[in-house]
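Here are my notes on this model, written as numbered points. Keep the 3D view open and click along as you read.

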Amino acid sequence: MLTLALYQPDIPQNAGTMLRLCACLGVEAAIVEPASFPVSDRAFRRAGMDYLDRIAITRHVSFAAFEDWRRGRGRRLVLLSTRAALPYAEFAFDADDVVMVGRESAGVPDAVHAAADARLLVPMRPGLRSLNVAVAAAMVLGEALRQTGALAALASAAS
Ligand SMILES: C[S@@+](CC[C@H](N)C(=O)[O-])C[C@H]1O[C@@H](n2cnc3c(N)ncnc32)[C@H](O)[C@@H]1O
């Protein structure tokens, strides 16, 4: 199963929205701490609604701990970055890839950028800085699920 990893999330509404996305699409979630808000945060829980109880979430106290967990399972780290060159739709996803998004305020540090097995861009019009992190996550997870057959499985389960 795909995992969406949130690197040190700093906006509770966006984190809640992404966890709700994971619940609806059948994607696991990982949170690389520290987050800048507690899981009891009202805005976070409002955005995630009752879906927060419907997903598998792993929490990691640091990026090093997250890397131990990921590498121990032999899973690729696929980073979404405004600094990437490869358009996400040109990438061949695996069903167990870990797709990571950065902080709204600062993306990810260079060391995290360097640790990724792939760095993907959602192409945008020139002169614009970035998408909302949850929007970028939704676009790329949609493509990853489509490529790996999980979207078709969701469709047949719903019919
Ligand atoms: C608001 S952006 C971060 C902006 C930050 N100032 C930077 O330059 O990295 C938050 C996260 O959303 C994702 N993101 C937003 N727009 C993206 C794009 N066009 N391509 C790939 N990832 C994007 C990335 O994971 C990014 O770290």
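Two residues are in contact if their C-beta atoms, placed from the backbone, lie within 7 Å. Keep that cut-off in mind whenever I say that one residue touches another.

1. **What you are looking at.** This is a predicted model. The chain averages a pLDDT of 94, and 100% of the residues score at least 70. For the complex, the predictor gives an ipTM of 0.97 and a pTM of 0.95.

2. **What the record says.** UniProt, in an unreviewed entry, has the annotation "domain: tRNA/rRNA methyltransferase SpoU type" over residues 2-141.

3. **Helix α1.** This helix runs over residues 12-25, which makes 14 residues. From first C-alpha to last, α1 reaches 20 Å, close to the 20 Å expected at 1.5 Å a residue. Is α1 mostly covered or mostly uncovered? Mostly covered: ten of its 14 residues are buried. Among them are Pro12, Asn14, Met18 and Leu21. The cover over these buried residues includes β1 (3-7), β2 (28-32), α2 (42-48) and α5 (133-147).

4. Cys22 is found in α1. Cys22 counts as buried because 25 C-beta neighbours sit inside 10 Å, and the cut-off for buried is 20 or more. Leaving aside neighbours within four places in sequence, Cys22 is in contact with Leu4, Val27, Glu28, Ala29 and Ile55. Tyr51 is 29 residues from Cys22 along the chain, and their C-alpha atoms are separated by 8.9 Å.

5. **Gly72, for contrast.** Gly72 has its place in helix α3 (residues 63-72). Why does Gly72 count as exposed? It has 8 other C-beta atoms within 10 Å, and 12 or fewer means exposed. From Gly72 to Ala15 it is 57 residues in sequence and 26 Å in space, C-alpha to C-alpha.

6. **Around the ligand.** Which residues come nearest to the ligand? Of the 15 around it, they are Leu80, Gly102, Gly107, Val133 and Ala136. The shell divides into nine nonpolar residues, five polar and one charged.

7. **The annotated binding site.** The unreviewed UniProt entry places the feature "binding site" at Leu80, Gly102, Val122 and Ser130. These positions are spread over 51 residues of sequence, yet they cluster in space, with a largest C-alpha distance of 13.5 Å.

8. Leu80 sits in strand β4 (residues 77-80). Leu80 is buried, with 27 other C-beta atoms within 10 Å. Beyond its neighbours within four places in sequence, Leu80 is in contact with Val99, Met100, Val101, Leu120, Ala136 and Val140. Val122 lies in the loop between β7 (118-121) and α5. With 19 C-beta neighbours inside 10 Å, Val122 counts as partly exposed. Among the contacts of Val122, again leaving aside neighbours within four places in sequence, are Tyr88, Ala136 and Val140.

9. **Ser81.** Ser81 is found in the loop between β4 and β5 (86-87). Ser81 is buried, since 21 other C-beta atoms lie within 10 Å and 20 or more is enough. Here the contact cut-off comes back: not counting residues up to four places away in sequence, Ser81 touches Gly102, Gly107, His113, Arg119 and Leu121. Ser81 and Ala114 are 33 residues apart in sequence and 12 Å apart in space, C-alpha to C-alpha.

10. **Two backbone details to check.** The peptide bond from Glu33 to Pro34 is cis, with omega near 5 degrees. Look for Pro34 in the loop between β2 and α2. Then go to Gln8, in the loop between β1 and α1. Gln8 is not a glycine, although it has a positive phi of about 40 degrees. With 19 other C-beta atoms within 10 Å, Gln8 is partly exposed.

Technical notes
Residues are numbered from 1 along each chain as its sequence is written. This is a predicted model: local features need pLDDT of at least 70, side-chain atom pairs count only at pLDDT 80 or more; totals for chains, interfaces and linings use all residues. Helices (H or I, at least four residues) and strands (E, at least two) are DSSP runs, numbered from the N terminus. The expected span of a helix is 1.5 Å times one less than its number of residues. pLDDT is the predictor's confidence in each residue, from 0 to 100. A residue is near a molecule or strand if its C-beta atom, placed from the backbone, lies within 6 Å of it. Ala, Val, Leu, Ile, Met, Phe, Trp, Tyr, Cys and Pro count as nonpolar, Asp, Glu, Lys and Arg as charged, and the others, Gly among them, as polar. UniProt positions are given in the numbering used here, feature names are shortened, and annotations may be inferred rather than shown by experiment.
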